[in-house]
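Hello,

Here is the structure I promised to pass on to you. Please open it alongside this email, and my notes on what turned up follow below.

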Amino acid sequence: MNQSEYIKLLRLVRTSIEEYKNWGEEELVLDKTLLSKKTKQEESIKEAKTVVKADEQKTIKQENTQMKRTIKQEQPVQKKNIQTKNAEQKLEDLKGEICACKKCELGKHRLNAVCGSGDPYANIMFVGEGPGFQEDHKGQPFIGRAGDLLTKIIEAMGYKRETVYIANIVKCHPMKNPENPELKGNDRPPTPEEMQTCQPYLDEQIKIISPKVIITLGASSTRALLKSDDVISNLRGKFTEYMGIPLMPTYHPAALLRNPKLKKDVWHDMQKVMALVNKKG
């Protein structure tokens, strides 16, 4: 190889080396650009995932809040349904206790315990003094002439016997001669001791039914619940309270049969009751 050929060879080698170097630098720059783009894409994906996750958590939280509100709104209705379902059974269970009761002499000589009758969810509850001859034989409160008059009063108020509840302060027939329950005209008012013994049963009925108004019929039931010795003519017509429930004393239907002039007073009392019930809704 002569000198000129050697020089050509050296130039060719130098050119190749320069081109190789340039190619490597371009590739390096390209790799860095691709890496930068890839990093930005990864960061964008990561950021998008974070936003989506935050939105999902927000949605879940909103759904949970709405579910809690729905459950909270439904709970009172559910509770009310449970109470409504149990009221009749509670009264029936109480009836079993009353029928088995022998705590005083009345229970030992009765023919039938007279627990009460009507709507277990009534707005109005009537309370008399005790069963008479016919009630003792039938096992139902307020039948006969006094019962018929009470029915007319209830209907004049816009109700039926089936839509109110009727009970007595004592559940067994107080008799002058307890040895002869078949004797007519054998009725008497219950004694304070008899009413005190039997009153827890009435209290339980009031608790189960939870009426808007209690109407006491006559002196015996009024005095028992109000713990008063005053006469019924002074007590009637004025609202008081028993167990947190408005109570209106009025005359017993039997008194109206003896003295029809008292019907006007009773009707005034019932008008006050109707106004209060309508006000309560």
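**Helix H6 and its neighbours**

The buried residues of H6 pack against strand E2 (124–128), helix H5 (192–209), strand E4 (213–217), H7, E5 and strand E6 (245–250). Those buried residues of helix H6, which spans residues 219–226, are Ser 220, Ser 221, Thr 222, Ala 224 and Leu 225. Just past the end of H6 comes Lys 227, with a positive phi of about 55°. Do keep in mind as you look around that this is a predicted model.

**The chain as a whole**

Stepping back, the chain has 281 residues, and 36% of them count as buried. You will find nine helices and six strands in it. Taking the contacts between residues at least 6 apart in sequence, 72% join residues at least 24 apart. The accessible surface of the chain is about 18,300 Å², and carbon and sulfur atoms account for 53% of that.

**Salt bridges**

How many salt bridges does the count come to? The count is three, and here they are in turn.

Arg 236 and Asp 269 meet through their side chains, with 2.6 Å from N to O. This pair links distant parts of the chain, 33 residues apart: Arg 236 sits in the loop between helix H7 (232–235) and strand E5 (240–242), while Asp 269 belongs to helix H9 (residues 263–280). Are the two partners buried or exposed? Arg 236 has a relative accessible area of 17%, so it counts as buried, the cut-off being under 20%. Asp 269 is buried as well, with a relative accessible area of 0%.

Arg 188 and Glu 194 form another salt bridge, and their closest N and O atoms are 2.8 Å apart. Arg 188 is partly exposed because its relative accessible area is 24%, whereas Glu 194, at 11% relative accessibility, counts as buried.

The remaining one joins Lys 108 to Glu 105, where the closest N and O atoms are 3.4 Å apart. Both residues lie in helix H2 (residues 105–109), three residues apart, or about one turn of the helix. An α-helix has 3.6 residues a turn, so residues three or four places apart point the same way. Glu 105 is partly exposed, with a relative accessible area of 47%.

**A negative patch on the surface**

If you turn to the surface, look for a patch of negative charge where Glu 92, Asp 93, Glu 97 and Glu 204 gather. Which helix gives the most to the negative patch? Helix H1 (residues 3–99) does, with three residues. Glu 92 is in helix H1, and its relative accessibility of 48% makes it partly exposed.

What does Asp 136 touch, leaving out residues up to four places away in sequence? The list is Arg 110, Leu 111, Asn 112, Val 114, Pro 131 and His 173.

- Phe 142 has a positive phi, near 50°. This residue is in the loop between H3 and helix H4 (144–156), and at 5% relative accessibility Phe 142 counts as buried.
- Met 243 has a positive phi near 55°. Its loop runs between E5 and E6, and Met 243 is partly exposed, with a relative accessible area of 43%.

Best wishes

Technical notes: Residues numbered from 1 in each chain as written. Predicted model: local features only at pLDDT ≥ 70, side-chain atom pairs only at ≥ 80, totals over all residues. Heavy atoms only, no water. Helix = DSSP H or I, 4+ residues; strand = E, 2+ residues; numbered from the N terminus. Buried < 20%, exposed > 50% of the residue type's maximum accessible area, 1.4 Å probe, protein only. Contact = heavy atoms within 4.5 Å. Areas by Shrake-Rupley, 256 points an atom, 1.4 Å probe, with all protein chains shown as cover. Patch = residues over 30% accessible without salt bridge, like charges linked within 9 Å, V, L, I, M, F, W, Y side chains within 5 Å. Salt bridge = Lys/Arg side-chain N within 4 Å of Asp/Glu carboxyl O. Lys, Arg positive; Asp, Glu negative; His and termini not counted. Charge placed at Lys NZ, Arg CZ, Asp CG, Glu CD.
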